[in-house]
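Here is a short briefing on a protein model. Look through the sequence and the structure, then read the points below.

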Amino acid sequence: MTLFHHGGVRPTGLRRLSAVITAGVMAVAAVLVAPRPAAADTPWLVVSDDGYVSISIPAASIEAAVGPVSEVMVEGNFGPSFAWAEYGLTRRGDVWWGALGPLKPGLYSYQVTGDVTKGLKDPTNSARVASKPLWSTFLVGSARLLADVPQGQGGTVGTLTYRTGQKERSALVWTPPGYTAKGPKTYPVLFLQSGGSATDWLDLGRTRQILDNLSVQGTMEPMVVVIGDGPDDDKDLQHLRKAAADHYRVHRDPAHQAIAGAAEGGTRALRAALTTPGRFAYAGSFSGLLDGVDRMNPKGVKLLRLYTGNVTDPAYNATVRLTRALKRAGVRYEFDGVNPGAGGNWNAWQENLIDFVPRLFRDVPDHGPSAGHGPLKGEFAPPPAGTTPTPFVKDGFVTFETTTDLTDAGHVTVWANDAPGGSWLRVPMSRDGDRWRVTVGPLDPWFYYYQWIVDGVSVKDTSNPTKVTSEPTWSSFFIPGERSRLLSDVPAGQGGKVESLTYRSTVANEDRTALVWTPPGYDAGRAEPYPVLYLQHGSGQSYTDWVEMGRAKQILDHESLDGDLVPMVVVMGNGNVSDFNRELLDNIVPAARARYNVSGDPSRQALAGLSMGGVQTLGLLKAYPGRFAYVAAFSAWFGSGDGVDAAAINKGTKMLRLYVGDQTDFVQPFFMASLPTLDGLGIHYEFDGVTPGPHGWDVWQKNLIDLAPRLFKR
């Protein structure tokens, strides 16, 4: 990768870059890369209106809290389906930095961790999670029904203390707007069960905000909601019901009582509704796990509604089995449908509560699934352990599995470009016998790459036959679909060819190799030489990367077959040299012209590159204006305008097209700072606009897809 991976540090990146870029450009980079230390009260995380999270944590603050660290990450529910994941930060001067997004609207929880085990609470975020002292939370986007209502319009949360046997326990109680301790009105009651702490329903489930908003909107019956930690047994639940009726003006009869819960709390709700008749008229299970119920007696249950996340929800298969059992027993139930975008987590359970509460103690016309939710498709079962090759891909869900070589590891994650926009996240894996496994998804159709991080060390998935020459620990996989069509293989025999070209480098004083793509039907004896694109890689990469990671062959093959591409030859050389201009002009170009039927006319030559290769491209443009009529740079910057002959550039360049990623591309500030320089010089250029994604292949593949059809058409 170039410079740094987003989602983790490549500490060698700047050292590699400094060896190949001029001192002037590095001076610009130094100003932009090393921000001033943040003030003590400056927020560590800042969330933009469009869902991007900018992270800037003073190194001194971390060291003061947990001591010296070599690695810092933000752990949170940033992964696919809101899975818990680790996002690595980059050390820039006195600050640990990162950017992630765009995140989907919702509530996010996180903590800061140094060297895997040294956790700390963000002191600049006042939001707290009582059961997780190191966690903080933040909202992204509109977050439907999760925001606070105007002051004075919502309900009230109090504490109910009660005894059960020899124990004293407590529950949280939400009373609706207008509720008073004395009066003639009696309210229905919902007992909301937790899989952990009752406070989680407030801190992570946003129950108060959800109930307040539903009340203000008038879409729920006024009711009292009793939130319990979860009784030890059925007697505890009965004690809680009695205590609620003794202390609050609630109905005691089952017709006005409901029970629901998440995870283990959902399991308890199911047992209460299905095995003990006449207790509750309404029951909801949010990712509840109930197997093996032989005799069901749901007498008096008016509504039994089931909820589950997608196949990453541990309750998914249990829900499949439960629905079958309910059908066999003739028990009526409703199913909210499979939530496609969340697993068994609070983001799903918030939606479940929003759907469930308006159905209580009233007649509703709609008994079907929520919008966008789908049917159960049978149990999800990845192939048996040891099946190769890995990973296993089905319907956009990807199951990663290690070999038995990692049995004794203590902490294993899969580090992949599966975050929003293609940033890198580490998703923790779980032990499964003598292996480690995890299922993530759903992932959009695209090209993905990953590695294991085993106790802090990069490890190759040896069960995956794919390889990346410049990054020996990486593997890749592909998810087909219309979105990824241009990255897929074309039918055998229909695409172009990729061959190796050996040339002598007088700069490096060694024989080197380039990869050359020739178009379908390439004719070495054609009277008119082919136009040629010289396509450069980035720092830390080499000539193999545009084929192995950039999917250049697949992109060019498809665009050729689609009729979008002027037939051309593409030369991907090795740019890891001290003098790129000499290497390209004296070595790579002559070798390509000697071997292939390509043009030497500047109007029929193009030069493009990514990151370091983009800086090299723009450097050559400044030094040799007009040598290449088509020039493009991906995630790079122009640098100083001193000594630049703008008139010569404009005269000799038919197209100068520039690309950059979004806020998560750390080069974006460099790039944006260079645009006024170009404007001031009067250089004609095209800016494609921000490409969604980070400083990575997801962006550069899109850039090549856009660029290639524009070449040699003016």
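Axes are lines fitted to C-alpha atoms, for helices over the stretch in contact, and angles run from 0 to 180 degrees between N-to-C directions. Helices (H or I, at least four residues) and strands (E, at least two) are DSSP runs, numbered from the N terminus. This is a predicted model, in which local features need pLDDT of at least 70, side-chain atom pairs count only at pLDDT 80 or more, and totals for chains, interfaces and linings use all residues. Residues are numbered from 1 along each chain as its sequence is written, and side-chain values use heavy atoms, leaving out hydrogens and water.

**A helix pair**
- The axes of α12 (residues 580-595) and α13 (residues 612-623) come within 9 Å and cross at roughly 75°.
- That makes α12 roughly perpendicular to α13 (65 to 115 degrees).
- Phe580, Asn581, Leu584 and Leu585 of α12 meet Gln616, Gly619, Leu620 and Ala623 of α13; contact means heavy atoms within 4.5 Å.

**The sheet**
- Eight strands form an open sheet with mixed pairing, in the order β10-β11-β13-β12-β14-β15-β16-β17; two strands pair if DSSP finds at least two bridges between them.
- β10 (156-164) and β17 (334-338) are at the edges with a single partner strand each, so one side of each has no neighbour in the sheet.
- From one strand to the next, the twist averages 20°.
- β11 (residues 167-175) and β13 (residues 224-228) run antiparallel and are joined by four bridges.
- Leu172 has Ile227 in β13 as its bridge partner.

**Helices on the sheet**
- Helix α6 (residues 234-247) packs on the sheet, and its direction makes about 125° with that of β10.
- Helix α7 (residues 264-275) also packs on the sheet, touching β12, β14, β15 (282-286) and β16 (303-308).

Terms used. Parallel < 35°, antiparallel > 145°, perpendicular 65-115°, else oblique.
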